[in-house]
Amino acid sequence: QVQLVESGGGLVQAGGSLRLSCAASGRTSSSVGWFRQAPGKEREFVVGISGSGLRIYYADSVKGRFTISRDNAKNTVNLQMNNLKPEDTAVYYCAILRSSSWITPLVDYWGQGTQVTVSS
């Protein structure tokens, strides 16, 4: 059974930084994605990283501000979020992806989510 546990969410002022972590049990070689869902909006695919770490995707809305990395030895994927904006406020979900096809990412497993709130 694959389990994903996110951590690192919280409240930060605009312009600040947060670092999210996703700890995975099993399927450590799979592609991983971070999604987010703001109130009243659909879940959005934000960042993805392939199992090798060589292929990475960033949505235009976070490009240049967010950085994804992975440590397969520790079974963790991290999301460094800098220069946060109020529109980044959402619940952030880590997910195991079926492949590194970023156009229509298919999710095999979801984490429970962690809240990120950016105040103006």
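Select C94 to start. C94 is buried, at 0% relative accessibility; buried means under 20% relative accessible area, exposed over 50%, and partly exposed in between, with a 1.4 Å probe and protein chains only. This is a predicted model, where local features need pLDDT of at least 70, side-chain atom pairs count only at pLDDT 80 or more, and totals for chains, interfaces and linings use all residues. Residues are numbered from 1 along each chain as its sequence is written, and side-chain values use heavy atoms, with hydrogens and water left out.

A disulfide (cysteine sulfur atoms within 2.5 Å) joins C22 to C94, S to S 1.9 Å. The link is left-handed, with -75° about the S-S bond. It connects distant parts of the chain: C22 sits in strand 3 (residues 18-25), C94 in strand 9, 72 residues apart. Strands are DSSP runs of E, at least two residues, numbered from the N terminus. The whole structure holds 1 disulfide.

Next, select T89. T89 lies in the loop between strand 8 (76-81) and strand 9 (90-97). Its side chain reaches the backbone oxygen of P86 at 2.9 Å. The T89 side chain also reaches the backbone nitrogen of V118 at 2.9 Å.

Finish at R70, in strand 7 (residues 66-71). R70 is buried, yet has no salt bridge, meaning a side-chain nitrogen of Lys or Arg within 4 Å of a carboxyl oxygen of Asp or Glu. The nearest side chain of opposite charge, D71, is 8.2 Å away. Now show S50: its backbone oxygen lies 2.8 Å from a polar atom of the R70 side chain.

Methods
Helix = DSSP H or I, 4+ residues; strand = E, 2+ residues; numbered from the N terminus. Lys, Arg positive; Asp, Glu negative; His and termini not counted. Polar contact = N/O pair within 3.5 Å; in protein donor to acceptor, adjacent residues only side chain to side chain.
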